[in-house]
Amino acid sequence: MILINIAIAIFIVGVVFCGISLVTKNRKIKILGILILLFLLISIILFLFYALYENDQELINQGIDNTSEYFTDSMNNANNTSLINDVNIINKSNSDNNMLPVEYSGKVLNINNSTIECGPIETLSTNLIFIDEETKITNYLTNNEMKLCDIKQGDCINVVGDKVTSNNDLEQISAKTILVYPKDEIKKEAGKYINDTYRIDDSSIAYSNVDLSGNGYIICEINVDNFSYPIKLNVNKNTETFLGYSMHLQSNYGYVLHEMCWITLDTKVEDIDNIKGYVKMIEYIAD
């Protein structure tokens, strides 16, 4: 407040001197008045620079203090987390440490006392599902609870659980929940738009086993709600594959897994579990 009063007084003095110089036509008084006003202006500018500098220093010091406090808290949290992790490591087995959340849908091949073996065809097992007393098994259509012994070979299941270490390319899952779609019902639903036609639309290839001459088979998946129904299709050297539906952008595109495609057969479908003939053409969606 004192500095403001001094600045006002100096300003008034400078203005008065300039006013007197205008009346008296005295050049010296005029120069003195101008010098006083310039001195005041320079003082104000220097004061503003000093105030800004002090404010920046305060912000910097505050930032350093906050950073120091942050690192201190981080180190404390890290130490606490380390202690918690050490306890968890002691209390968990190696298999638990490798577990990852996963969802899987497949066809039941075999059922044992505490496991379900799944895969697209009988000769190709891809997943092993572990069941314990906490696993909840439910009929997808009726919402009724089921037991492991109620699941039948050929049923399709949707599993939510934890993926554990794979063994010999067999993905192992510890199941938390299992939805069961009975085989007759899901087969009927999957074949609704395929039976009596030469087409399998909106599908994707899950597995291929084709030799260098072009002969072999592929397994495509038909999606029914949250379930995947596998269908085996024979291919040969005459099977054509294209990138692009209808408008073929590229030929000899190959057998690309998990990419949406349209499949044309050379024989009408009568039983989706036993399709005769060969795949005539596969057309992939062009992104």
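View 1. Asp271 is partly exposed, with 29% relative accessible area, where partly exposed lies between buried, under 20%, and exposed, over 50% (1.4 Å probe, protein chains only). This is a predicted model in which local features need pLDDT of at least 70 and side-chain atom pairs count only at pLDDT 80 or more, while totals for chains, interfaces and linings use all residues. Residues are numbered from 1 along each chain as its sequence is written, and side-chain values use heavy atoms, with hydrogens and water left out. The side chain of Asp271 meets that of Lys187 in a salt bridge (3.0 Å, N to O), a term for a side-chain nitrogen of Lys or Arg within 4 Å of a carboxyl oxygen of Asp or Glu. Asp271 sits in the loop between strand 12 (260-265) and strand 13 (279-284) and Lys187 in helix 4, so the pair ties together parts 84 residues apart in sequence; helices (H or I, at least four residues) and strands (E, at least two) are DSSP runs, numbered from the N terminus.

**View 2. The salt bridges of Arg199.** Arg199, partly exposed at 24% relative accessible area, forms a salt bridge with Asp201 (3.1 Å, N to O) and another with Glu283 (3.8 Å, N to O). Because Arg199 lies in strand 7 (residues 199-210) and Glu283 in strand 13, the latter pair ties together parts 84 residues apart in sequence. Glu283 counts as buried, at 4% relative accessibility.

**View 3. A network of salt bridges.** Salt bridges link Lys107, Lys187, Asp271 and Asp273 in a network, and a search of the whole structure finds 8 salt bridges.
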